[in-house]
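Please look over the model below with this note beside you.

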Amino acid sequence: MIVSLFVTVFLPVVMLLYSLKVKKTKVFLWGSLTFIVSQPLLRIPLITFLSSNFLSVNQFQVQYPIAYVLLIALSAGLFEEVGRYLVMTFVLKKNRSWNDGVIFGLGHGGVEAFLLVGLPIMLALFSGASMGVSNSDFLLGAVERVFAIILHVGLSVLVMKTVKSNKKRYVIFAIFIHTVIDSMVGIIPMFVSNGVIMIEVTLAIVSLLLFLYAIFLRKGWELS
């Protein structure tokens, strides 16, 4: 739990302080806001509304579980990556550097880690409620958040590359990667019992490879 709190509460605060130091707090906060608007405020309520009010949605989920997972994953990719693109294009007009993409991703991934993991742990601690989570699950969740933040940094750099170069293939690539990662979370457990490790390994590999590609994109960035 201590490790989880460090990764999902303390680390995002450190990243925010770093954005202050490098004078890119605006970029960091817009990255955070992009996640909040695209997911908790738009996508998740929309999916909940459709599932609660349209029987056909639930029937489709039961009859075609893989297709349903793919569509849900695609919706995550579209909402978050298009959200990044819109903010970077129309709000951050003076922030188009490679470093801006990285800071944006730290804000996006940092607030996601805090809202999904850090905040629930803090609320459980303060209320004295039991979360029913083992120590290994806490540790695994912390590791997952680290790689998720790295993934968001890579995705943000890809989208920023689209904005910088006006080449749409980068944002399309970002949507594809996001969809693949999210779909694996739903599909792997259908075929692999206790597939958590496989999911985490997949996330780690994709995140690190994407980050290496993001570093490669830095070369000649200002010339694009």
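1. Start with the surface. Leu-71, Leu-74, Leu-78, Val-82, Leu-86 and Phe-90 make a nonpolar patch of about 520 Å². Patch members have over 30% relative accessible area and no salt bridge; nonpolar side chains (Val, Leu, Ile, Met, Phe, Trp, Tyr) are joined within 5 Å, like charges within 9 Å. Areas come from the Shrake-Rupley method with a 1.4 Å probe, and for residues only the protein chains shown count as cover. Leu-74 sits in helix α4, residues 65-90. Leu-74 is partly exposed because its relative accessibility is 33%. (Buried means under 20% relative accessible area, exposed over 50%, partly exposed in between, with a 1.4 Å probe and protein chains only.)

2. A word on the basis. This is a predicted model: local features need pLDDT of at least 70, side-chain atom pairs count only at pLDDT 80 or more, and totals for chains, interfaces and linings use all residues. Residues are numbered from 1 along each chain as its sequence is written, and side-chain values use heavy atoms, without hydrogens and water. Helices are DSSP runs (H or I, at least four residues), numbered from the N terminus.

3. Now the helix contact. The axes of α3 (residues 55-63) and α4 come within 5 Å and cross at roughly 120°. Axes are lines fitted to C-alpha atoms over the stretch in contact, and angles run from 0 to 180 degrees between N-to-C directions. Val-57, Phe-60, Gln-61, Val-62 and Gln-63 of α3 meet Pro-65, Ala-67, Tyr-68 and Leu-71 of α4. (Contact means heavy atoms within 4.5 Å.)

4. How many salt bridges does the whole structure hold? A search finds 4. (A salt bridge is a side-chain nitrogen of Lys or Arg within 4 Å of a carboxyl oxygen of Asp or Glu.) Asp-100 pairs with Lys-24 at 2.8 Å, N to O. Asp-100 lies in helix α5 and Lys-24 in the loop between α1 and α2, 76 residues apart. Both are buried.

5. Glu-81 and Arg-84 also form a salt bridge, at 2.8 Å. They are 3 residues apart in α4, so about one helical turn separates them. Glu-112, Glu-144 and Arg-145 are linked in a salt-bridge network.

6. Most residues other than glycine have a negative phi. Lys-23 has a positive phi, near 60°. Asn-166 has a positive phi too, near 65°. Lys-23 is exposed, at 75% relative accessibility; Asn-166 is exposed, at 55%.

Methods:
Helix = DSSP H or I, 4+ residues; strand = E, 2+ residues; numbered from the N terminus.
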